[in-house]
Every structure is written in structure tokens, then in C-alpha cells.
Amino acid sequence: MESTDKPKNFIRGIIDRDLAEGKNKSRIHTRFPPEPNGYLHIGHAKSICLNSGIARDYKGKFNLRFDDTNPCAEEQEYVDSIIADVKWLGADWEDRLFYASDYFEEMYAYAVRLIEKGKAYVCDQTLEEVREYRGTIKETGKDSPYRSRTPKENLELFERMSKGEFPDGSKTLRAKIDMKHPNLLMRDPVMYRILHEEHHRTGSKWCVYPMYDWAHGLEDSLEKITHSICTLEFETHRALYDWFLDELEVFHPQQIEFARLNLSHTVLSKRKLLRLVNEGYVSGWDDPRMPTLAGVRRRGYTTESIRNFCDTIGVAKMNSIVDIVVLENSIREELNKTAPRAMAVLEPLKVVITNYPEGQEEELDAINNPEDTAAGTRKVPFSKELYIEKDDFQEEPHKKFFRLAPGREVRLRYAYFVTCTDVIKDEKGEVREVHCTYDPETRGGDSPDGRKVKGTIHWVSAKHAYEAEVRLYDHLFAERNPNDVEEGKDFLESLNPQSLETRKKCYLEPGLKTADKGNRYQFERLGYFTADPVDSKPGSPVFGRIVSLRDTWAKVSKKA
RNA sequence: UGGCGGGUAGUGUAAUGGUAGCACCGCAGCUUUUGGAGCUGCUUGUCAAGGUUCGAAUCCUUGCCCGCCAGCCA
């Protein structure tokens with residue numbers, strides 16, 4: 001590869017070699033083949049970025065294909081969400097959106113060819129019999145008694161199967177390979193099963209449906225895919241993939257396997273995510289706490305951040321668990337550069353500027369983004385009564401605490417130097433409000449006499465502040481380890497209780513009232529927040545935290 | 001006494017026989033109109049034992065450890 005900024009991995013190494021050898025006439029064609037039985041999650045993003053990234057960098061093509069060969073769990077809603085998510089990630093399939101179900105006719109014809117060749121037969125064994133005859137890891141299998149049917153018989157039976165003459169499970173079409181093969185998958189695998197089930201696209205047209213191993217290679221072959229990239233658990237399937245394509249003597253793509261993504265503290269299993277949705281633990285697949293693409297998008301993650309994340313984690317064949325902080329870092333890195341700053345107070349403490357004229361108001365200039373001068377400035381209203389963050393005041397300051405304390409002068413960001421003169425407490429001894437004096441000479445936050453303050457704190461004008469709702473959900477749904485649930489325990493028991501969403505009132509500078517849905521902000525020192533694209537209403541955005549506190553995660557990790 | 005695939009700092013990933021690098025985490029210093037921002041620096045690694053070689057993370061042998069496979073799921 002000529003460019004060094006492109007990701008390096010073993011798959012690109014294979015492609016470089018293939019290209020050097022002129023394989024497939026130096027054509028590169030990849031695909032992403034999800035089954036529409038759930039929403040896509042961050043793990044899928046890895047595959048999408050890998051496949052579409054290769055097509056992009058090598059000037060090849062990339063297909064989006066729905067592997068909809070099992071009507072039982074597949075739904076149009078999932079198809080729609082997957083299309084939206086892949087598009088959001090910026091993968092471009094141009095006009096090549098395909099469905100395995102579009103190939104059912106061709107697959108059928110190929111199956112007939114295999115039967116004619118004497119390489120496939122109709123089997124009447126029950127599920128239990130098939131299992132029993134398959135043998136085990138240590139013992140070889142036994143031939144099915146139906147294995148010796150003639151091609152003529154098989155042809156006739158297969159036709160009757162597809163016409164719906166037999167009930168579900170009564171017959172299968174099986175490849176005739178080797179019941180003693182050390183690889184269990186090669187012991188006469190099922191190619192077609194009978195399923196009198198409504199398919200989300202083909203309706204009731206079919207009642208025999210192809211199995212993954214039979215269908216997938218054909219789909220790849222039909223689309224002239226050059227590199228069929230899939231996850232590690234399909235490694236043992238490659239022998240079968242190759243066997244079918246060799247027997248059929250059709251275009252033969254190369255299957256390459258890589259390790260799927262595991263994220264620490266994160267559930268990345270469609271089955272489990274489906275339970276969270278169905279059992280009401282979350283509001284839906286796009287709940288901001290979900291690791292689905294719809295979820296992280298709603299939470300405030302950007303396309304760019306997910307793509308950078310995928311580049312960062314790399315591609316290999318080793319099973320590994322990527323630390324969740326790597327994901328968080330990817331969005332933090334971007335938002336630090338792009339998100340406008342705003343002042344906000346989550347835990348208010350009232351501050352009265354005693355020497356500020358009663359009823360006076362003024363507007364001060366605040367920088368929108370110190371990382372990006374082009375973002376300009378905005379006006380922030382100031383008045384006699386303010387709110388500051390409770391944490392920004394300590395009556396008896398610790399050694400390393402440089403913010404507000406009795407007798408101490410600090411800067412109100414973009415406003416004035418103030419000095420704390422009084423602390424007002426209630427009968428319980430709790431600090432209710434703090435009185436300060438301000439220095440009118442320090443307007444804007446700099447002192448003409450050059451005196452320095454050690455702390456700068458953020459604030460909002462009590463009178464002007466916009467009272468909004470913030471949601472402090474913690475990151476995703478967290479477990480100590482994704483696949484490491486104790487024996488016999490439900491994974492729900494290991495969910496991090498801090499994932500639970502907390503809603504609270506907060507005070508924001510008034511300009512945020514008109515924040516558009518999906519806008520992202522850095523609330524000074526409090527973190528990154530986004531105006532929820534789903535729950536926000538015009539004029540009253542609801543803000544959700546995008547990145548959770550690093551400290552929280554440190555605590556969780558220590559406990560775990 | 002099955003088959004297949006893997007083991008590189010704490011984590012993840014490069015280096016296809018030629019200086020073991022990068023990112024995240026961690027630590028230290030500096031800096032900042034709030035830092036979880038910025039800058040600079042630092043610690044830590046080739047599963048083990050043999051072998052081939054001038055030279056091995058890389059090739060060979062043996063061992064150890066880990067993952068996947070016994071759906072009419074994908």
C-alpha cells in the first residue's frame with residue numbers, strides 16, 4: 001500500500017498479495033451480509049468499516065446484502081434499521097442492495113444440479129436421528145439410511161418438498177459428503193429444511209428455505225464477491241463453503257475470517273439485546289444506553305467517531321476484548337475539537353454578588369470553542385444572582401482545591417473576579433448560598449493590574465437560566481465482561497446498576513433553549529451532552545450525556 | 001487419542017529473517033479563562049524450551065495455554 005495512513009491488517013495483506021498476483025483480474029469486491037433479525041451494534045460497525053473501507057481504499061465495490069434465509073426471526077423493521085445504520089456509517093453500496101431471498105430460484109436450480117450429480121439427497125430422518133447419526137467430536141457418524149436414494153428419487157422428492165407436500169421437519173435435503181469426516185460440518189450437512197413460514201419478502205412462495213452454508217457461498221459467488229470476510233466462528237465452515245462452490249464449479253470467492261469485536265462492560269449479542277428490548281429494560285433498540293448503532297447515534301456518537309474507533313482497534317484473528325474507554329476516547333477526541341462550549345449547572349449553589357447593582361443586567365462575550373476560533377463567540381447574560389456548581393465551592397478547601405472558598409478570589413469564566421465574603425447556612429448547617437463581591441475592573445475575566453486567580457468557575461445567571469432536563473445514564477449496559485457471566489446466572493444480574501438512567505433538572509445558559517435535536521455541546525467541566533433527537537421538544541431540548549465519567553469506569557473496573 | 005484457528009507491554013494492534021513501533025490506559029513535569037483540554041517525557045512486551053541462521057516475534061520441533069465446532073440458526 002502506498003499510503004501509510006490507511007489501516008494495516010492481515011486482510012489487507014492478503015488483498016495486496018492477490019492484487020500483486022493479478023487474482024480475479026485485480027478486482028476487489030466485498031460485502032456486508034447481515035441477517036435482518038435485530039438491530040446492528042458496534043460489533044457490526046467493525047465489519048462494515050472493514051468491508052466498505054477495503055472497497056473504498058482499493059477502488060473496489062461493496063455490497064449490502066440481507067442474508068434472509070430464515071423467515072422465523074426476520075422482519076422488515078430490521079431491514080429498514082440496518083439500511084439506515086449502514087448508510088449512517090457512510091458505507092456506500094451504490095445500487096447494490098441485495099437479498100438472499102432474491103436468489104432462492106437460482107439456489108434451487110443449483111441444488112437440483114447437485115442432486116443430479118449424486119452429491120445431495122433427500123433425508124427423512126428426524127431431528128433427533130440426524131443428531132444421533134452425526135456422531136460427536138470424538139466419534140464418527142453413521143450414514144443415513146436414505147443416503148442411497150437415486151438422483152431420480154431425490155429430484156422427485158425435493159420437488160414435492162418445495163411444493164409443500166410434507167410437513168415441517170419431516171424431510172431435509174442434505175449434501176452427500178462424508179459421515180466420518182473429522183469436521184462435523186462435513187457430515188452430510190442440511191442444505192434445505194421445510195418451513196411453512198411467511199417470509200418478510202417472498203411471502204408464502206417458498207416452504208423450503210436454504211441453510212446458511214448452502215446459501216452463503218452461492219450468494220457471494222453470484223455477486224462475484226472476491227473476498228468474503230466473516231468472523232472467526234465460521235472458520236470451520238470454510239471447508240463446506242469451498243466444497244459447495246467446487247462441486248458446483250462456479251465463481252469461487254475466498255472466505256477470510258477475523259475476530260469479532262468484544263467490548264468490555266458491553267453486551268454485544270443480538271439475543272441478549274433483544275431480551276433487553278422485549279423485557280422492557282430499555283425503551284427500545286435505540287435507547288441511548290444500548291450499544292446498537294441506533295443507540296449510540298442517539299446518544300450523540302458521530303459517524304466519524306465510530307469509524308475512527310474501528311480503525312483504532314484493528315483487525316486480527318486473536319480473540320480479544322477492547323476496553324470501552326477506547327470507544328469513549330474516540331468520541332471525546334472528536335467532540336473536544338468540534339463541540340461548542342456552554343455553561344451549565346447540575347447541582348446549583350446560589351451566589352449573590354452583593355456589590356452588583358440591584359436590577360442591573362449585562363451581556364458578556366464567551367468563546368464558543370477554544371479549540372476552534374472559527375466557532376466565534378456568544379453573549380451570556382450576567383446579573384446579581386447566579387448559580388454555580390456546588391462542587392466549585394468548599395467551605396474548608398482541601399490543599400489542591402483552587403476554586404471558590406471563604407475569602408478567596410476566583411474568576412467567573414468570561415465575567416468577573418469575585419471574592420467570597422459570606423456563607424449562608426440553613427438550620428442543618430448546610431450551605432444555602434454564598435455571598436461575593438466582584439471587581440468591576442475585571443470585566444471579561446482579566447485584571448488590569450495583572451493579578452492572578454488560581455481558579456476559574458462556570459456559572460449561569462439565576463434570572464436568565466433555562467431550566468432543562470438532563471439524563472445521566474451511564475455507559476451502555478455494562479457487565480464485568482461481555483461473555484463472562486457466572487455459570488447458571490442470568491446475564492441481567494450482572495448489568496451495571498449505574499447504567500440506570502437518572503433524570504434531573506439543570507440550569508443552562510439561555511441560548512441553549514433553541515438547541516437543535518442532535519446538537520452536541522461540552523458543558524464546561526461537566527462533560528459532553530447532546531440534545532436528544534427523540535425526546536426533545538421544540539424550545540425545550542432534553543440533554544443526555546454522551547460520554548460517561550472516566551472515574552466512574554475506573555471505579556467499576558476496580559470493583560470488578 | 002477429533003478437527004480448525006490463535007498466543008507481541010495493563011489493553012488493543014504493527015513489524016513476512018535485519019533497530020520490537022503505534023494507540024489507549026498509567027505515571028511525571030510544564031501549561032491553560034475551569035480540563036477529562038494542550039505540550040513534553042517515562043515505565044512496561046515477543047507463552048516456554050530446544051533447533052536452523054551472521055542475525056528469529058517471524059522459519060522448524062516439542063510442550064503449555066486460549067477460542068471455535070456436535071441447530072433442520074446465521
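Me: Which residues of α4 are buried?
Reply: In this predicted model, the buried residues of α4 are Phe 104, Met 107, Tyr 108, Tyr 110, Ala 111, Leu 114 and Ile 115.

Me: Where do they sit, seen down the axis of α4?
Reply: They fall within an arc of 165°, so they line one face of the helix. As background, an α-helix has 3.6 residues a turn, so residues three or four places apart point the same way.

Me: What span should α4 have, and how far apart are its ends?
Reply: Helix α4 covers residues 104-116, which is 13 residues, and at 1.5 Å a residue it should span 18 Å. The end C-alpha atoms are 18 Å apart, in agreement with that.

Me: What follows α4?
Reply: Gly 118 follows, with a positive phi near 75°.

Me: Which phi does His 265 have?
Reply: His 265 has a positive phi, about 60°, and is not a glycine. For context, most residues other than glycine have a negative phi.

Me: Where is His 265, and is it buried or exposed?
Reply: His 265 is in the loop between β9 (254-258) and α9 (270-278). Its relative accessibility is 7%, so it counts as buried.

Me: And what about Arg 525, what is its phi?
Reply: Arg 525 is not a glycine either, and its phi is positive, about 70°. Arg 525 lies in the loop between β23 (520-523) and β24 (527-531). At 47% relative accessibility, Arg 525 counts as partly exposed, because the cut-off for buried is under 20% and for exposed over 50%.

Me: Changing topic: where is Thr 442?
Reply: Thr 442 is in the loop between β18 (431-438) and β19 (456-457). With 0% relative accessibility, Thr 442 counts as buried.

Me: What is Thr 442 in contact with?
Reply: Leaving aside neighbours within four places in sequence, Thr 442 is in contact with Ala 415, Tyr 416, Phe 417, Ser 447 and Arg 451. A polar atom of the Thr 442 side chain lies 2.9 Å from the backbone nitrogen of Phe 417.

Me: Now the whole chain. How many helices and strands are in chain A?
Reply: Chain A has 13 helices and 25 strands. Its radius of gyration is 31 Å, well over the 24 Å that the globule rule gives for 560 residues, so chain A is more spread out than a compact globule.

Me: What does the C-alpha trace span?
Reply: Along the principal axes of chain A, about 100 × 55 × 40 Å.

Me: How much of chain A counts as buried?
Reply: Of its 560 residues, 53%. Chain A exposes about 26000 Å², with carbon and sulfur atoms supplying 48% of that.

Methods
Residues numbered from 1 in each chain as written. Chains lettered and ligands numbered in written order. Predicted model: local features only at pLDDT ≥ 70, side-chain atom pairs only at ≥ 80, totals over all residues. Heavy atoms only, no water. Helix = DSSP H or I, 4+ residues; strand = E, 2+ residues; numbered from the N terminus. Expected span 1.5 Å × (residues − 1). Buried < 20%, exposed > 50% of the residue type's maximum accessible area, 1.4 Å probe, protein only. Arc of directions from axis to C-beta. Polar contact = N/O pair within 3.5 Å; in protein donor to acceptor, adjacent residues only side chain to side chain. Contact = heavy atoms within 4.5 Å. Rg over C-alpha atoms; globule rule 2.2 N^0.38 Å. Areas by Shrake-Rupley, 256 points an atom, 1.4 Å probe, with all protein chains shown as cover.
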